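Work through the two exercises below with the model in view, and try each task before reading its solution.

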Amino acid sequence: MRSLSIGWRDYHESTKHSLESLRRSSHALDWANMPDPFRHYEGVPVLDLPADPPVPETAALDVLQGPGGATPAIDGATFLSQLLFYSASISASKLVPSTGYRYALRVNPSSGNLHPTEFHFLTRGLKDWPDGLYHYRPSSHMAEQRALGGSEIELGDGAAPVVFVLTSIAWREAWKYGDRAYRYCLLDIGHAWQSLALAARAMGCEARAIHAFPDGQIAQAGRLNDDEWPMLAIELHGNTIPVRKPDACETVWYGGEANQLSKETIAYPRIQAMHEATKLIYPGVPTQAAPSGRGEIQLPPSAPSSAGFGTVVRTRRSALDFVGGPPSISLAQLAAILPASCFDFIQLYLYVHRVEGLEPGVYRHWPDHAELELIKKGDQRVAAAGLSLGQFLAGNACVAFSMIGDLERAARAHGDRGYRYVHFEAGAIGQRLYLAAEALGLRATGIGAFYDDEVHRHFGISPEQGQVVYHFAIGYPVPDLRVSASYAEK
Ligand SMILES: Cc1cc2nc3c(=O)[nH]c(=O)nc-3n(C[C@H](O)[C@H](O)[C@H](O)COP(=O)(O)O)c2cc1C
């Protein structure tokens, strides 16, 4: 069988939602074949990460806006436990009322709660912790030791004491979302990246993301199961990491047997082909500067919040829906929510429904000057919900967002691989929106489902100016009685 060959434009075009594409779709959920959201590498030593690691107390908004915290962790196990507990662990559960079944929710959000992202990490010279290659097991907050030593495993700059490799298992997502699932895998990686980077910052260290790496070599170096695709490497640096001299011993491999996630794995050739296309790395074409502009509304200083990072990340949830009426949010709260100018390829368009001092309408955010530009006047509640595939929460929120990705500029600089980077950024911004909203006593929900070209028509933008890659909504949540703070592994 000849394998399919496509580029990002074909993939993106063919996975757009429209009334016609939804009518045509014959995709049905095969519940009996639903993939397990937990990957385990069986038959390897499993190391405990200490329970109840220290809580990062620095205010979440401070962590988002720059200053780091500190960690009292004195050894490698406590450091890793704190890092993962506040970035990737189980933090709640949700009840299915009709069956009584409870399923796990995690610190990092995920489209459809299907969690295609896996966290692998290499440690070198962490105090009282064996050097090696590990896979995080969120179901029991433990580390599967896949290799001991690992000094010759080439990951990162060779000096970082901890290097993460985030992988995607696309099948987990495609089971529900079909070909569009690759987009969601990339957005989820963006969320996971920022979840990890912010937890690291709250603990006083910095995370450096590495996007361009030879995928095949990394997959081989980490002996990843075939269904796991390396997407992003993240090095941690900083003098709050408890370190010792790295071991010089040779690597001992345990590897482990990857658990089978479902009875049958259905192939999605379009996703496979798109992933192949994004493996090629363009040799150093400089990225053109993002277009700049100004708006007539200057954002005020951010509203304050003293809510601690640890509490905010563990209580963060996606809102089921929002209270569709008063109160409004203040402009200072909106200023605290909007990210500063630290991303390359995404511009935020806001559907303002209830923000004090702003008339309802569509606004474009210009982060360099902290300004908003009114581009369309009038009530946007029906439009925001309708464009989000009829999801009421986008109309009931105080503010909803379309993230417009400059896919063309990313492709000029990075080829098809640029498609990944735009979605990583959108997911990362989404993670920041979630945490800022939560810190201010509000709630957010990421929205991966939207009528792509209808959004472009609504804003009057051409594909050359950007294409929608993610929606978001923020407001006052309605209570979700299905969520509980506890989860017991079965
Ligand atoms: C990329 C992405 C897309 C999502 N799309 C939607 C959506 O279209 N509608 C919705 O109600 N929730 C959406 N969500 C929210 C997820 O359903 C939610 O994160 C998941 O159920 C886990 O719940 P939690 O966020 O409370 O941990 C999305 C989340 C992500 C990360």
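A residue counts as near a molecule if one of its heavy atoms lies within 4 Å of it. The model is predicted, so local features need pLDDT of at least 70 and side-chain atom pairs pLDDT 80 or more, whereas totals for chains, interfaces and linings use all residues. Residues are numbered from 1 along each chain as its sequence is written, and side-chain values use heavy atoms, with hydrogens and water left out.

**Exercise 1.** Find how many residues surround the ligand and which are the closest.

Solution. Begin with the shell: 21 residues surround the ligand, and the closest are Arg 316, Arg 317, Ser 318, Gln 391 and Gly 446. Next, take the polar contacts (pairs of N or O atoms within 3.5 Å). An oxygen atom of the ligand is 2.9 Å from an N or O atom in the side chain of Arg 316, and an oxygen atom of the ligand is 2.7 Å from such an atom in the side chain of Arg 317. At Gly 446, a polar backbone atom lies 2.9 Å from a nitrogen atom of the ligand. Finally, the protein covers 86% of the 620 Å² of accessible area (Shrake-Rupley method, 1.4 Å probe) that the ligand has on its own.

**Exercise 2.** Determine which residues line the second largest cavity.

Solution. A cavity is a set of points on a 1 Å grid over the protein atoms alone where a 1.4 Å probe fits but cannot get out, and lining residues have an atom within 4 Å of a point. The second largest cavity holds about 40 Å³ of space, and its lining consists of Ala 88, Arg 106, Thr 117, Glu 118, Phe 119, Tyr 136 and Pro 138.

Conventions. Polar contact = N/O pair within 3.5 Å; in protein donor to acceptor, adjacent residues only side chain to side chain. 1 Å grid on protein atoms, 1.4 Å probe; cavity = no way out; pocket = protein on both sides within 12 Å on 5 of 7 lines; lining within 4 Å. Points joined across faces, edges and corners; volume = space filled by probe spheres on them.
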